[in-house]
Amino acid sequence: LPWSDDPNLSPETALIRSHLLFLTTACNWWTIASQPAVDGLPSTHPVHGWGPARGFVFQKPFVEFFLPLSDWNHRLRPHLQSSSSSGAGRISYYAGHPDGAFESSSENAEAVYVVTWGSFLGKEIATATMVEEVSFRAWCEEAFGRWEEWARCCRSAEARAFLRKCKSEVVLVNIIGHVYRERERDWMWEFLKDAAGELNGERT
């Protein structure tokens with residue numbers, strides 16, 4: 001797909017493969033970026049490690065995907081907005097539309113969510129990855145532009161029309177889970193399954 005530079009799953013992504021498969025196959029939500037929760041693993045860890053030795057690394061889980069506008073309007077967004085008891089302070093989101101419309105769980109346009117950081121001996125906390133509104137807005141423009149690039153690569157007029165129709169009917173969403181402790185490392189994924197109706201016995 002045009003939103004991924006590498007057709008192969010990274011070792012880290014493979015650890016959350018079942019969650020990603022649920023979103024793509026059961027929900028028809030196309031995932032394009034993600035990472036699992038990591039709770040203080042050694043910086044030398046063969047999969048999650050980075051930075052100098054004798055340190056510890058942390059990650060908040062996040063996932064980015066395209067989903068149909070109808071699913072966003074009637075299923076996921078209402079679930080996010082009504083999660084005051086189970087999700088308040090535990091999850092954040094950005095959503096971008098093909099017409100340039102933008103939505104966020106935060107009223108602060110300058111909010112920055114650190115999703116990867118490390119603690120190393122004798123050093124200040126190091127931040128490796130952040131998610132913020134300005135970068136997400138820029139990425140939205142590029143991501144929706146790739147639908148058009150994909151369409152232009154198709155020889156079939158029918159295929160081009162199909163891809164352009166898809167582009168006009170999807171929303172790009174980035175979900176950030178603020179729960180990363182080992183005992184709750186799957187919390188965000190269960191939250192999304194609940195939004196999809198799976199935990200309520202519904203069919204998406």
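Modeller: Let us do so, keeping in mind that this is a predicted model. Gln-59 has a relative accessible area of 5%, and because buried means under 20%, Gln-59 counts as buried.

Biologist: Where does Gln-59 lie, and with which side chain does its own side chain make a polar contact?

Modeller: Gln-59 lies in strand β3, residues 55-59, and its side chain makes a polar contact of 3.2 Å with the side chain of Glu-12. Leaving out residues up to four places away in sequence, Gln-59 also touches others, including His-48, Val-115, Trp-117 and Tyr-180.

Biologist: How should I read a nonpolar core?

Modeller: In soluble globular proteins, nonpolar side chains tend to be buried together. Here the largest nonpolar core has 26 residues, and Val-63, Trp-72, Leu-76, Val-173 and Ile-175 are those with the most contacts inside it. Among the elements that each supply at least two residues of this core are β4, β5 and β9, while α6 gives the most, with 7 residues. Apart from this core lies another, of 21 residues, among them Trp-147 and Leu-172.

Biologist: Which way do the residues of β5 point?

Modeller: In a regular strand the side chains alternate between the two faces of the sheet. In β5, Ile-91, Tyr-93 and Ala-95 point one way, Ser-92, Tyr-94 and Gly-96 point the other way, and all are buried, so β5 is largely enclosed by the rest of the structure.

Biologist: Which strands are joined to β5 by bridges?

Modeller: β5 runs antiparallel to β9, joined by 6 bridges, with Ile-91 opposite Gly-177; β5 also runs antiparallel to β6, joined by 3 bridges.

Technical notes
Residues are numbered from 1 along each chain as its sequence is written. This is a predicted model: local features need pLDDT of at least 70, side-chain atom pairs count only at pLDDT 80 or more; totals for chains, interfaces and linings use all residues. Side-chain values use heavy atoms; hydrogens and water are left out. A nonpolar core is a set of buried Ala, Val, Leu, Ile, Met, Phe, Trp, Tyr and Cys residues joined through side-chain atoms within 4.5 Å. Buried means under 20% relative accessible area, exposed over 50%, partly exposed in between (1.4 Å probe, protein chains only). Helices (H or I, at least four residues) and strands (E, at least two) are DSSP runs, numbered from the N terminus. A polar contact is a pair of N or O atoms within 3.5 Å; within protein, one must be able to donate a hydrogen and the other to accept it, and residues adjacent in sequence count only if both atoms are side-chain atoms. Contact means heavy atoms within 4.5 Å. Two strands pair if DSSP finds at least two bridges between them.
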